[in-house]
Amino acid sequence: MSISLVRRPRRLRRSPIWRQMLKEIALTPSDFIYPLFVVPGSGVKKPIASLVGQYHLSPDLAAETAAEVFALGVPSVILFGLPAVKDPAGASGADPEGPVQQAVRAIKKVVPEMVVATDVCLCEYTDHGHCGLLLNDQVDNDATLPHLARQALSHARAGADLVAPSDMMDGRVAAIRDLLDQEGFSHLPIMSYSVKYASAFYGPFREAAGCAPRFGDRQSYQMDPARRREARLELELDLAEGADIVMVKPAGPYLDIIREIRDRCHLPLAAYQVSGEYAMLMAAVAAGLLDERGAGLESLLAIKRAGADLIITYLAPRAARWLGDQ
Ligand code: PBG
């Protein structure tokens, strides 16, 4: 029997030149934001056990790393701090001499053009490890807001180009916007972790940043993975409060949410390929089960195809090299 096929998609897959011509999207190093974990001191570069290939860096070596990454075409880093001291209110987060504030200044000195983003949250600075102040073992939303705003202001004063609140308190974008505006930083954009789920995929990060909660979990402030529609509500609130860039986190297991937000929002959209996504890839690579470059680039391409403009990823320097070699 002979059949005549009218549609043969393979006609346009026959040669590399067709495949090249018909790509709808392409990754570039300028899509990436690279996370750095900053510790006090100088000359410190210690491998992070839970995140193969990532390091705890003192501000001077964070600047050196940022410069290397910038030279690869990655335009931005996001800084997380491990402070020398912690207390119930996370006061060290707003210390002008804290590791993040020092690293911001050091990076801007070496690579002034680089977009230096800072994570704004209390969990790395509180002794209980929650993202806000506690009242009777519950996170007290409104009492937390001024502390977040003061931390963001201290990052701004150090020279940060972008502040990124990740705490998931209601109203924090507005609180940060107000204080920044009052203090002369009306030009400074806010990238809000708008849609942040309570995810098991943050495990390796919490070890890296020393911010696992001492008791309980983050489900009273981060979102339930079983809820999709609530993502639209969080988006609307952040738009109303003045976010400049919105974010979905995690990325790979939440591609449907990235698309949902992309279709409803005209702001730039970032997605965070989180520590657990990276750790899974690296574990599979170490076990000889996946090709690092192939699976790494495909995971990033999928996030961009879902609608992300920017991708926060631990793969940033390696992916930039892979793209350069193509
Ligand atoms: C701080 C924060 C977390 C991550 C980014 N900012 C941890 C958490 O919310 O528990 C996770 C990033 C990652 O897993 O790579 N609130």
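1. A residue is called buried here when its relative accessible area is under 20%, and exposed when that value is over 50%. Please keep in mind throughout that this is a predicted model.

2. With that cut-off, strand 1 (residues 32-38) is the element I would look at to begin with: seven of its seven residues are buried, so the strand is largely enclosed by the rest of the structure. In a regular strand, side chains alternate between the two faces of the sheet. In strand 1 both faces are covered, with F32, Y34, L36 and V38 buried on one side and I33, P35 and F37 buried on the other.

3. Which strands pair with strand 1, and how many bridges join them? Strand 4 (residues 76-81) runs parallel to strand 1 and is joined to it by six bridges, and within this pairing F37 stands opposite F80. Strand 3 (residues 55-57) is also parallel to strand 1, with two bridges between them; here the bridge partner of F37 is H56, so that F37 has a partner in strand 3 as well as in strand 4. Strand 12 (residues 310-313) is likewise parallel and joined to strand 1 by two bridges, with I33 standing opposite I312.

4. Turning to the whole chain, there are eleven helices and twelve strands. The radius of gyration is 20 Å, close to the 20 Å that the globule rule gives for 326 residues, so the chain is as compact as a globular protein of that length. Along its principal axes, the C-alpha trace spans about 75 × 45 × 40 Å.

5. Buried residues make up 53% of the 326 residues in the chain.

6. The surface deserves a separate comment. The chain exposes about 15000 Å², and carbon and sulfur atoms supply 54% of that area. A nonpolar patch on this surface is formed by L12, I17, W18, M21 and L22, which together have about 510 Å² of accessible area.

Definitions and conventions: Residues are numbered from 1 along each chain as its sequence is written. This is a predicted model: local features need pLDDT of at least 70, side-chain atom pairs count only at pLDDT 80 or more; totals for chains, interfaces and linings use all residues. Side-chain values use heavy atoms; hydrogens and water are left out. Patches are made of residues with over 30% relative accessible area and no salt bridge: like charges are joined within 9 Å, nonpolar side chains (Val, Leu, Ile, Met, Phe, Trp, Tyr) within 5 Å. Accessible areas come from the Shrake-Rupley method with a 1.4 Å probe; for residues, only the protein chains shown count as cover. A salt bridge is a side-chain nitrogen of Lys or Arg within 4 Å of a carboxyl oxygen of Asp or Glu. Buried means under 20% relative accessible area, exposed over 50%, partly exposed in between (1.4 Å probe, protein chains only). Helices (H or I, at least four residues) and strands (E, at least two) are DSSP runs, numbered from the N terminus. Two strands pair if DSSP finds at least two bridges between them. The radius of gyration is taken over C-alpha atoms; the globule rule is 2.2 Å times the number of residues to the power 0.38.
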